[in-house]
Amino acid sequence: MKYLVGDTRYEKGVSLRCLAQRARITRSYLQRIEAGEARPSLEIMVRIANALESPLEALYREEECRD
């Protein structure tokens with residue numbers, strides 16, 4: 001599963017600092033989520049989606065299965 005938080009944040013013109021504040025998480029944790037280095041809980045993803053005024057499902061993309 002890939003998170004599209006950074007792409008969505010960029011499209012909406014929201015700074016990393018501002019989104020972190022709105023979602024009540026640290027900026028470094030948000031950076032790790034955007035880089036794919038952290039696996040946030042559903043609660044955190046809901047807070048990020050709400051802060052971006054974006055549907056939750058817009059922040060996820062299924063990875064293709066490669067056999």
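Biologist: Which residues does Ile44 touch, not counting residues up to four places away in sequence?
Modeller: This is a predicted model, and in it Ile44 has its place in helix H4. With a relative accessible area of 11%, Ile44 is buried, the cut-off for that class being under 20%. Leaving aside residues up to four places away in sequence, the residues that Ile44 touches are Ile25, Tyr29 and Ile33.

Biologist: How far apart in space are Ile44 and Ala23, C-alpha to C-alpha?
Modeller: In sequence, Ile44 and Ala23 are 21 residues apart. In space, the separation of Ile44 and Ala23 from C-alpha to C-alpha is 7.5 Å.

Biologist: How many salt bridges does a search of the whole structure find?
Modeller: Side chains of opposite charge can pair when their charged atoms come close. For the whole structure, the number of salt bridges found by the search is two.

Biologist: Which helices hold Glu34 and Arg9, and how many residues apart in sequence are the parts that the pair ties together?
Modeller: Glu34 belongs to helix H3 (residues 27-34) and Arg9 to helix H1 (residues 5-12), so the pair ties together parts whose distance in sequence is 25 residues.

Biologist: Is Arg47 buried or exposed?
Modeller: Glu43 counts as exposed at 52% relative accessibility. For Arg47 the relative accessibility is 17%, and because the cut-off is under 20%, Arg47 counts as buried.

Biologist: Which residues does Ser54 touch, not counting residues up to four places away in sequence?
Modeller: Ser54 is found in the loop between H4 and strand E2 (60-61), and at 11% relative accessibility Ser54 counts as buried. When residues up to four places away in sequence are not counted, Ser54 touches Thr8, Lys12, Ala49 and Leu59.

Biologist: Are H2 and H3 roughly parallel or roughly perpendicular to each other?
Modeller: The axes of helix H2 (residues 16-23) and H3 come within 9 Å and cross at roughly 105 degrees. In their contact, Leu16, Arg17, Leu19 and Ala20 from H2 meet Arg27, Leu30, Gln31 and Glu34 from H3, a set that divides into four nonpolar, one polar and three charged residues. Angles from 65 to 115 degrees fall in one class, and H2 and H3 are therefore roughly perpendicular.

Biologist: Within what arc do the buried residues of H1 fall, seen down the axis?
Modeller: The residues buried in H1 are Val5, Gly6, Thr8 and Arg9. They line one face of the helix, so that seen down the axis of H1 they fall within an arc of 165 degrees.

Biologist: Which exposed residues does H1 carry on the face turned away from its buried side?
Modeller: What covers the buried residues of H1 includes strand E1 (2-3), H2, H3 and H4. On the face of H1 turned away from that buried side, the exposed residues are Tyr10 and Glu11.

Key
Residues numbered from 1 in each chain as written. Predicted model: local features only at pLDDT ≥ 70, side-chain atom pairs only at ≥ 80, totals over all residues. Heavy atoms only, no water. Salt bridge = Lys/Arg side-chain N within 4 Å of Asp/Glu carboxyl O. Helix = DSSP H or I, 4+ residues; strand = E, 2+ residues; numbered from the N terminus. Buried < 20%, exposed > 50% of the residue type's maximum accessible area, 1.4 Å probe, protein only. Contact = heavy atoms within 4.5 Å. Axes fitted to C-alpha atoms, helices over the stretch in contact; angles between N-to-C directions. Parallel < 35°, antiparallel > 145°, perpendicular 65-115°, else oblique. Nonpolar A, V, L, I, M, F, W, Y, C, P; charged D, E, K, R; others polar. Arc of directions from axis to C-beta.
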